[in-house]
Amino acid sequence: MKLTHILGAAALTFGLSSTAFAADINGAGASFPAPVYQAWAAAYKEKTGTGLNYQSIGSGGGQNQIVNRTVDFGASDAPMKDDKLEAANLLQFPTVIGSVVAIVNLDGVEGLVLNGAVLADIYQGKIAKWNDPKIEALNKGKKLPDVAVVPVYRSDSSGTSFVFTSYLAATSADWKSSVGAATSVQWPTGAGAKGNEGVAGTVKNTKGAVGYVEFIYAAANKLATTDLVNKAGKVVKPETKAFMEAAAAADWTHAKNFAASMIDTAGEGAWPITSATYILLPKNPTDAAQSAAAIKFFDWAYGNEGDAIAEKLHYIPLPGSVVEEVKKAWASEVKADGKAVWTN
């Protein structure tokens, strides 16, 4: 299946037909990792006969569905808070690391440079034109048009929004105090669109628009991305080596429930909007076989074949040490009737 088909629908459905080999696995949530989950699912279906039905409904929807136990696993880019994980009896673990990029529809401007403070001003309505002096100061020598800025944001509860607004809060004190970081915020200005797919489509069809999406959605839709000024004061391009440098700075050792932050990390070449994406799995599954099947899928995804697929789609595989800790958590924390459903 072509990548453009992957990104064209909010509901991603894989391996719908039941087979004699195994029951399908059901999941729902973040659109940020949906392309890699689809690619993994296709390869896994061919290898094992087990299908994956994954609904790309946003991180908030994924959290709600797993709390209500209507799916085998939920998916969220925003780590669930510790008290909510405990109350819902859920194990949270990361799958891959991805990056959020700013996309623009601006004719005649190549290599536009922005920073967190300017993006915060844009989304607060303080910057209304692309030739605003604050943008010009970051783009000396470029002819910026006298065109209205049209900010586009996620209208649904979104982990991508959580990652993006966390970056804005880290780089703009005004944004932090007046809007904050969450899966859903009260956007001061702009137009809403559903899913990474919706934001990509709206920006693509709106002159002067700016939005934020997971990098693969920008690449698949051939959208112009901006460079960003990172914490070290360096202008960096959205590319794999910059994502990897940001990922390398994550402090997994002290991260409770694997929620390691990679937002605005130090590093000369680090991309400042980088984040892991997470799976939410019941610690007390009512169907041990389904829980084991879900774990088996992610165990395969952590392997060499899964890593290669992730890298091809511009995601960063997890460090091996983190994978080992995740597998230990599967074995020790996921139990049905007091018995572990997975052995490491």
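Buried here means under 20% relative accessible area, exposed over 50%, and partly exposed in between, using a 1.4 Å probe and protein chains only. Helices (H or I, at least four residues) and strands (E, at least two) are DSSP runs, numbered from the N terminus. You're looking at a predicted model, where local features need pLDDT of at least 70, side-chain atom pairs count only at pLDDT 80 or more, and totals for chains, interfaces and linings use all residues. Residues are numbered from 1 along each chain as its sequence is written, and side-chain values use heavy atoms, leaving out hydrogens and water.

Start with α11, residues 240–248, and pick out Ala242, Phe243, Ala246 and Ala247, which are buried. Look down the axis of α11: its buried residues fall within an arc of 140° (taken from the directions from the helix axis to the C-beta atoms), so they line one face of the helix. On the face turned away, you'll find the exposed Lys241 and Ala248. Now show what covers the buried residues, including β5 (90–104), α10 (215–220) and β14; contact means heavy atoms within 4.5 Å.

Next, select Asp264, in the loop between β13 (262–263) and β14 (273–282). Which side chain of opposite charge is nearest to Asp264? That's Lys231, 4.9 Å away, and buried Asp264 has no salt bridge (a side-chain nitrogen of Lys or Arg within 4 Å of a carboxyl oxygen of Asp or Glu). Lys and Arg count as positive, Asp and Glu as negative; His and the chain ends are not counted.

Last, find the open three-stranded sheet, ordered β6-β11-β12 with mixed pairing; strands pair if DSSP finds at least two bridges between them.
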